[in-house]
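Subject: Structure handover

Hi,

Here is the structure we talked about. Please load it and read the notes below alongside it.

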Amino acid sequence: MTGPFTTEAVLAYGYAAGLLVAAAGLDRLARHIARRSERHRTGGFTYRPEHDAWVCPADQLLWPVGQDRHHRLYRARPSVCNACPRKPDCTPSRHGREIVRALRPWPHSEAGRFHRGLALVLVVLAATLTLIEAVRHPAWPDLALAAAALAATAVTGWWLTGHLRATPAGFPGPFPEPEEKATNRDRYTTVWRSE
């Protein structure tokens, strides 16, 4: 016994708290890596949503040339890109610089769902461990620890499922094209396949 609490209960709830910290840490780390990867892929380039184009550091536009279910491909005109003095530092391609942009925000991407799923598994394990321990040790001081652990589990689970609650029909499909792009539909119907 450690004071009014049993040693087993303290260790179990401490382990459950560790699982919650690991779940939150995993989610934060995955989000950070996704942002860092995006910055690396688009380093020095700026997205202009009003034109649905990227602007390179030499102030040239990369226009959409195709898309698949998850990504949109943007490419600079080869004649402009090949004549640019910054080309050796930008791309070795003679077809012009390309940028691939995900159509879904991070929590809805495949990597985002995978990491959120792992984090939620840890939350479920923490809740299960807490409930089992509460049934094994139903004394009042231990139940107070169980209530605190379940409250922390509920808050963490609520935070991790926020993107699901914000999207009532589940994970969203590809984003619809804006109305002003409808007249230029031929540019967006090209299906891009990576080789």
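Two strands count as paired if DSSP finds at least two bridges between them. Helices (H or I, at least four residues) and strands (E, at least two) are DSSP runs, numbered from the N terminus.

Some ground rules. This is a predicted model, with local features taken at pLDDT of at least 70, side-chain atom pairs at pLDDT 80 or more, and totals for chains, interfaces and linings over all residues. Residues are numbered from 1 along each chain as its sequence is written, and side-chain values use heavy atoms, leaving out hydrogens and water.

The sheet

Five strands make an open sheet, ordered S1-S2-S3-S4-S5, with antiparallel pairing. Strand S1 (46-48) and S5 are the edges; each has a single partner strand, so one side of each lacks a neighbour in the sheet. The twist averages 35° from one strand to the next. Angles run from 0 to 180 degrees between N-to-C directions, and axes are lines fitted to C-alpha atoms, for helices over the stretch in contact.

Now strand by strand. S2 (residues 53-55) pairs with S3 (residues 61-67) over two bridges, antiparallel. Val-55 sits opposite Leu-61 in S3. The hairpin of S2 and S3 has five residues between the strands, and Asp-59 there takes a positive phi near 65°. S3 then pairs with S4 (residues 71-76) over five bridges, again in the antiparallel sense. Three residues form the hairpin link from S3 to S4. Pro-64 faces Tyr-74 in S4 as its opposite residue. S4 and S5 run antiparallel and are joined by five bridges. Leu-73 has Val-100 in S5 as its bridge partner.

The helices

Two packed helices are described by the angle between their axes and the distance between the axes. For H1 and H5 (residues 140-160), the axes come within 10 Å and cross at roughly 10°. H1 and H5 are therefore roughly parallel. The cut-offs: under 35 degrees is roughly parallel, over 145 roughly antiparallel, 65 to 115 roughly perpendicular, and the rest oblique.

Contact means heavy atoms within 4.5 Å. On the H1 side, the residues that meet H5 include Ala-9, Tyr-13, Leu-20 and Asp-27. Among their counterparts in H5 are Leu-145, Ala-149, Thr-153 and Trp-159. By class, this H1 and H5 contact has twelve nonpolar, two polar and three charged residues. Ala, Val, Leu, Ile, Met, Phe, Trp, Tyr, Cys and Pro count as nonpolar; Asp, Glu, Lys and Arg as charged; the others, Gly among them, as polar.

The axes of H1 and H4 come within 9 Å and cross at roughly 170°. H1 and H4 are therefore roughly antiparallel. Their contact divides into 19 nonpolar, two polar and six charged residues.

The largest pocket

A pocket is an open set of points on a 1 Å grid over the protein atoms alone, where a 1.4 Å probe fits, with protein on both sides within 12 Å along at least five of seven lines; lining residues have an atom within 4 Å of a point. The largest pocket has a volume of about 530 Å³, volume being the space filled by probe spheres set on the points, which are joined across faces, edges and corners. Its lining has 22 residues, with Ala-34, Arg-41, Ala-102, Trp-106 and Ser-109 nearest the centre. H1 gives the most to this lining, with eight residues.

Best wishes
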